[in-house]
Amino acid sequence: MSILEVHNIEKHFGSTRVLEDISFSLEQGQALAIIGSSGSGKTTLLRCLNFLETPDSGSISVNGSVIFDAADPRTQLESEIRKKRLHFGLVFQNFNLFPQYTALQNVTLARELLAKERGGENRDHILEAGKELLAQMGLADRAGHYPHQLSGGQQQRVAIARALALQPDILCFDEPTSALDPELTGEVLRVIRGLAEQQTTMIIVTHEMAFARDVADQVIFMDGGVIVEQGGPRQVIDHPQEERTRQFLSRYEEG
C-alpha cells in the first residue's frame, strides 16, 4: 500500500492557476524528487501537502486514509487540519529557526507543546530524543548554541532535526540548500542522503540534479503548475521523454 496518494490536486490564486490535476503516489521508504523552474508550482504543492495552503480540488490520503478531500468540508476543519499536519514534516529554504531558542529548544519545542496538549510524554524523554536527533545531524556539541552562533549548514541541520522530532510519516524539503554556499550544501545533502539510506520517506524539491539522480526513487518534473513527466531518476533526468523536460535539463546543464 502507498503511504501517500495525491489525486487531482488543483490550486488557484485568484485567476492564476498554480496547480492543475496533480496526481502521484509514494511508497513507504521512497524518496521523491520534484524538479522544475522557479514558479512551476513545486513549493505550492509542498504547502498544500502540509496544509499551509488549502487545495481547491482533489484529495490526499496517508496510509490508506483520506485526510483531505476538497469536496468534504469535514476534512477541512482547523482542528482536523492541525492533526493532519503531523503526518508531514517540512524543512524550509531559509531554516525558520526561532532565534531566541537554542538548537535543542528549537528541536524539542513542538513536541513539548504537543505533550502538554495531549499528555503522556515525559519532558526528559523529549529532551533526550532531541539530543539524539542533533547527534544524528552531527551537532551533538551544538545543542546549547543559538541560531546566530551556527553556520547556515548547521542551522539547516537543526531544522531537519526539528522536522524529524515529531516522527512524521513523510519528510518534505523545500529546496533545502538554496540559501547555502557550495561547501555548506554538501553538509546538508550528506544528511539527506543518510536519511534516504535509512529509508526515510521523503519529498525533496531541489535544483541539485546530480543529487536527485543519486538519491531519489522517483522524479517529478513540473512546469506551469502541471506534472510534465514522472518516473525513475535515470529515465526523467538522463533520458527524458518530453521535449519540455529536455529543454529544462539542457538549460540547467548550460547554467
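Colleague: How many disulfides does the structure hold?
Modeller: This is a predicted model, in which local features need pLDDT of at least 70 and side-chain atom pairs count only at pLDDT 80 or more, while totals for chains, interfaces and linings use all residues. Residues are numbered from 1 along each chain as its sequence is written, and side-chain values use heavy atoms, with hydrogens and water left out. A disulfide is taken as a pair of cysteine sulfur atoms within 2.5 Å, and the number of disulfides in the structure is 0.

Colleague: Which cysteine sulfur is closest to that of C48, and how far away is it?
Modeller: C48 counts as buried because its relative accessibility is 1%, where buried means under 20% relative accessible area, exposed over 50% and partly exposed in between, with a 1.4 Å probe and protein chains only. C172, at 0%, also counts as buried. The two sulfurs are too far apart for a bond, the closest one to C48 being that of C172, at 12 Å.

Colleague: In β8, which residue is the bridge partner of I34?
Modeller: Two strands pair if DSSP finds at least two bridges between them, and β3 is joined to the parallel strand β8 (residues 202-205) by 4 bridges. Within β8, I34 has as its bridge partner V205.

Note on methods. Helix = DSSP H or I, 4+ residues; strand = E, 2+ residues; numbered from the N terminus.
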